[in-house]
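Here are my notes on the model you sent over. Have it open while you go through the points.

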Amino acid sequence: MERYICIHCHFYQPPRENPWLETVELQDSAYPFHDWNQRITAECYAPNAASRILDGEGQISKITNNYAKISFNFGPTLLSWMEVQEPEVYRAILEADRLSQERFSGHGSAIAQAYNHMILPLANNHDRYTQIFWGIRDFEHRFGRAPEGMWLAETAVDFQSLDMMAQLGIKFTILSPYQAWRYRRIGARAYRDAAGAKIDPSRPYLVRLKQGRAITVFFYDAPISQAVAFENLLTSGEQFARRLADGFVDARDWPQLMHIATDGESYGHHHRHGDMALAYALQFIEEQGIARLTNYGEYLEKHPPQHEAQIIENSAWSCSHGVGRWRENCGCNSGGNAGWNQNWRAPLRSALDWLRDTVAPFYEQAAAAFFDNVWRARNEYIGVIVERSAENLDRFFAANSSRELSHGERVTALELLELQRHAMLMYTSCGWFFDEISGIETVQVIQYAGRVIQLAQKLFPQEGDQIESGFLDRLQHAQSNLAEHGNGADIYRKWVKPAVVGLEQVGAHYAISSLFETGASKYCYSIDPSDYRTQAAGHTQLVVGKANICSRITQECEQLTFSVLHMGDHTLSAGVRRFQGDESYAGTVEELTRAFSRGDIPGVIRGLDRHFGGTVYTLKSLFRDEQRRIVDRILESTLEESEASLRSLYERHAPLMRFLSDMNVPRPKALSVAAEFVLNASLRRQFQADFVDLREVRSLMEQAKEEGVQLDSAGLAYAMERKLDLLMQQLHRRPKNLGLLRKVLSLIDLLRDLPFTVNLWKVENLYFEMSRTKYPEFAAGGTVPNEWLHDFLELGRKLRIRVEEVPSKQVALAS
């Protein structure tokens, strides 16, 4: 009988965007990357789009797109981020789905996911339906086709969710075998017990639903899936392939489907080079004729279910207590924190449920003024979320509003829909998954609740304050395991409340950042300055201006007046207020500029207080990324002075440090700090320079080794990676440039002397492409000198990429 193998990867990151800025802010824990999305993309999502297959000599013989040969789903919010921040990887994923349709009888390998990874059995019916609807519509927008299957967050399942999926055209989903209750052959009378994973995973099962509807369930092979995730099965691609092959049983008399399902991050993030093990396993399976690779859609078309099953409702793959992990202290946790508990989970969910249920009737009442069907309008709002163009927004209102809306009414309608969007985002499953309420994942969902509260306070002013106090009354029962964080209400006041942003705060951000000319990001706002005046005297500077600021999300706009007094370094004060007319604005400009021209700084400060009385904005008011850029700029001169002092100290005492190192005598901390700072700064400067002094780099590395200095390996490796990426991109654009080729070659030579590993993924990708296109063309055509051909092949050898030498015409290097 036929044998099939299908490997499913669930690729997902929780939405990390700041709810007020719609962007992922700097996350120091992801260093040297900007944030965890970026880091995991570099470690997993990008490598799987161009994974290496090595030959018997350990050389790269092939680069392949793993996504085209497996089954996969990506979280919609992750793809939304990737579309903007990692467009090359994003395009490779979409292309893989197109290629998979050619490979698998017209069935694409991508399947949809319920929108923001909400645990659907714990959702109300409105949210459950919208999550499925949004997941489908987002998929259609990106992949250009209807999804056949859908992944459920944590495979958390109930009949209601399956029925809604079937109503919306979903044909199948994937569950753990531990979620099967019983099964039978279709047409048979008696069921057989399946509890405890006693169900054969090598065939599909029909699950019957309401009104004659049904959906197919694939129960994955648990032991092999477990081995991939937790038993180091990905240390060898051949070992991985053979373990999959071992899942077949000769006694089965039907077309067997050996399939596994794991977090996709296993293939590169959790297990380094796991993508390569996957790529090799897929090739090995095909070359050895072990089985036919397939995806669920193709297998289902060829082999419809002959058995039916009933599921265990309110169950999931990552909680042995049903769905307790997302609503109570069930005992499931990530481990490693003895003495902690997760009693905070229940009051957190209770507080969010109360908030959702409290704002829902207000939403229904207010939205009814704009939409014929307020819940259908919320469902259709996904069309705006995936593409926030003016034309798309017009289409949405034309299709859903009950009448022609004014601009102000549109703003209110969009704010109501945004309230609902964030009221779903706050249920992202990661908020409960880990051990501590002060963790970044849980703070993130509380931030989404904060955005709901902010919108409720604006939209329903009579009830807004009571909504916040009622939420905090419930959230205070969610006790942190860390005394310094108190409880959920304390966390809200400490981290969420200060993060709340309105148009005035955006105006302050613009005004302050404009002083430093850093090309400040406008995030999800448009800023149109209609007047901007600046005066400077020494290190002191005054800015006065006005600007129109609009939210690209809700279309809310405000004309604001602003002024900033900068007295050098980090000392500044800013004021922002609504524009109060030309006469008032002219008076403000006149008073502040006149006082500044006289050198009357106290007078400027009094004027700021008089005209912008109330909130005073400082560098602390800036959004995180811009704050860090400006602080780094302010620190430049300070760090230069510090480096000069430390360098003097280091150079004066370097022989002593080497002597102490030779004698195995601990070095004084002051000398160690000086050496570490100076050598790391010098190396970083070299790696970022236009021309790298190879001799100086080797000398610095030798000094660090002799003196036992700890290098910033992650930061330096990242700097060198970016340097090589830039040079290789230049060579790719100007492939005949021998000087560029030799620059790359010299830096690759240098890597052998570095005590850390540099990621050459992009360099290898570009070289591999050139070796299959430009090199054969140049060699056969005689359009480059022999020195170029020699150096190009030498670079391939150093990168350990297999290149078949092409006979070339003899071309001498021009003198």
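1. Start with burial: of the 815 residues in the protein, 56% are buried. Keep in mind that this is a predicted model, and everything below comes from its coordinates.

2. On overall size, a compact globule with 815 residues would have a radius of gyration near 28 Å, and the protein comes out at 30 Å, so the two agree. If you want to picture the outline, the C-alpha atoms fill a box of roughly 95 × 80 × 60 Å along the principal axes.

3. The secondary structure count is 29 helices and 18 strands. As for how the chain folds back on itself, take the contacts between residues at least 6 apart in sequence: 69% of them join residues at least 24 apart.

4. Now the inside. The largest nonpolar core has 181 residues, and Ile7 and Phe240 are the ones with the most contacts within it. Helix α16 (residues 440–459) supplies the largest share of this core, with 10 residues. Apart from that core lies another, of 54 residues, which includes Ala675, Ile748, Leu750 and Phe768.

5. Which residues does phenylalanine 240 touch, once its neighbours within four places in sequence are set aside? The list is Ile7, Val228, Leu233, Leu234, Ile260, Tyr267, Ala277, Leu278 and Ala281.

6. The accessible surface comes to about 34,900 Å², and carbon and sulfur atoms account for 48% of that. There are 89 positive and 103 negative side chains, with the centres of the two sets 2 Å apart.

Notes: Residues numbered from 1 in each chain as written. Predicted model: local features only at pLDDT ≥ 70, side-chain atom pairs only at ≥ 80, totals over all residues. Heavy atoms only, no water. Core = buried A, V, L, I, M, F, W, Y, C linked by side-chain atoms within 4.5 Å. Buried < 20%, exposed > 50% of the residue type's maximum accessible area, 1.4 Å probe, protein only. Helix = DSSP H or I, 4+ residues; strand = E, 2+ residues; numbered from the N terminus. Contact = heavy atoms within 4.5 Å. Rg over C-alpha atoms; globule rule 2.2 N^0.38 Å. Areas by Shrake-Rupley, 256 points an atom, 1.4 Å probe, with all protein chains shown as cover. Lys, Arg positive; Asp, Glu negative; His and termini not counted. Charge placed at Lys NZ, Arg CZ, Asp CG, Glu CD.
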